[in-house]
Amino acid sequence: MHKLIDAALGIHPQAIEAGARRLELLAGNMANADTPGFKARDIDFRATMQSLLDGPTGATATLRRTEAGHQDAPGTSLAAEPLYRVPNHPALDGNTVDTQLEQTAFAEASVRYQASLDFLDARIQGLRKALRGD
Amino acid sequence: MSLFKIFDVAGSALSAQSVRLNTIASNLANAEGVSSTAEGAYRARHPVFAAVLDAAGRAEGVRVVGVVEDARAPRPEHMPGHPLADENGYVWFSTVNPIEEMADMMSAESTYRNNVEMIDTVRQLMLRTLQIGRR
């Protein structure tokens, strides 16, 4: 039953989750627009969605601890890891946040998020209609 | 839900920027302050920001790690008639540069505004998320 509903909802729930994660990352960039030495990061959305589609069988990398000092790292997909932005013109204090770029990225990500919400909503309406039979 | 976290992230930026605006205000208020000794002259104060990172190295916000005083020397001026002048007739002016402070204020203001806009957008997104399947 669960699988049936999951299949009916399609990829949209995952898209919403990935979108929220990207928005969070962009918010972190914006908050640190004036922090010396801060490096802006972003998610490769296409790669993230691809890794979600591939599921746990996709290309994932797990880190192994070989030294006592190594930190624990959960097995995560490489594609979902945030990457560092290549700055157009880095500031003298080492900050790579481009406010305009981050703002447009945030606007884009929020529109994508809204689109995913609409798609999911439409799927739910469809399911409802099918269940009611009217 | 991770959208909730954005409120914390943007909120930390708002409070950091308001600390910055506060120090700018006190710098400007003391810009014309004079003293009879170099040590007593007002030195401009500036907050130092640092990113708050989670275990995975993602930014969870920003915080003010401290407020540093200007390292520049106060400017002496020969004003024998000034009530605060020392025995040689000198008074010391603060290290505040009003133009620098105004530029700093504009930067703080725009970052503050960006973060407010971000909170507004996220609030709308969250409300819409709560409306899924309600129609």
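Residues are numbered from 1 along each chain as its sequence is written, and chains are lettered from A, with ligands numbered from 1, in the order in which they are written. Since the model is predicted, local features need pLDDT of at least 70 and side-chain atom pairs count only at pLDDT 80 or more, while totals for chains, interfaces and linings use all residues; side-chain values use heavy atoms, leaving out hydrogens and water.

Let's start with chain A. You will find four helices and four strands there, and along the sequence they follow the pattern α-α-β-α-β-β-β-α. Helices here are DSSP runs of H or I with at least four residues, strands are runs of E with at least two, and both are numbered from the N terminus. Of the 134 residues in chain A, 37% are buried. Buried means under 20% relative accessible area, exposed over 50%, and partly exposed in between, using a 1.4 Å probe and protein chains only. Among the contacts in chain A with a separation of 6 or more, 74% are between residues 24 or more positions apart; a contact is heavy atoms within 4.5 Å.

Now to the meeting of the chains. On chain A's part, A:Glu24, A:Ala31 and A:Asp34 supply 21% of the area buried against chain B, more than any other three residues.

A:Glu24 comes up again in a salt bridge with B:Lys5, where the closest N and O atoms are 3.2 Å apart. Three salt bridges are counted between the chains, each being a side-chain nitrogen of Lys or Arg within 4 Å of a carboxyl oxygen of Asp or Glu.

One residue to look at is A:Arg41, in strand S1 (residues 41–42) of chain A. Is A:Arg41 buried or exposed? A:Arg41 is buried, with a relative accessible area of 8%. Its neighbours by contact come from both chains, including A:Leu25, A:Tyr84, B:Ala56 and B:Arg58. A polar atom of the A:Arg41 side chain lies 2.8 Å from the backbone oxygen of B:Gly57, and one lies 3.4 Å from the backbone oxygen of A:Pro82.

Finally, chain B. An open sheet of three strands has the order S1-S5-S4, with antiparallel pairing; strands pair if DSSP finds at least two bridges between them. S1 and S4 stand at the edges with a single partner strand each, so one side of each has no neighbour in the sheet. S1 (residues 34–35) joins S5 (residues 90–93) by two bridges, and S4 (residues 75–78) joins S5 by four. B:Trp92 in S5 stands opposite B:Ser35 and also opposite B:Pro76.

Definitions and conventions
Buried area = accessible area lost by both parts, 1.4 Å probe. Polar contact = N/O pair within 3.5 Å; in protein donor to acceptor, adjacent residues only side chain to side chain. Lists of a residue's contacts leave out its neighbours within four places in sequence.
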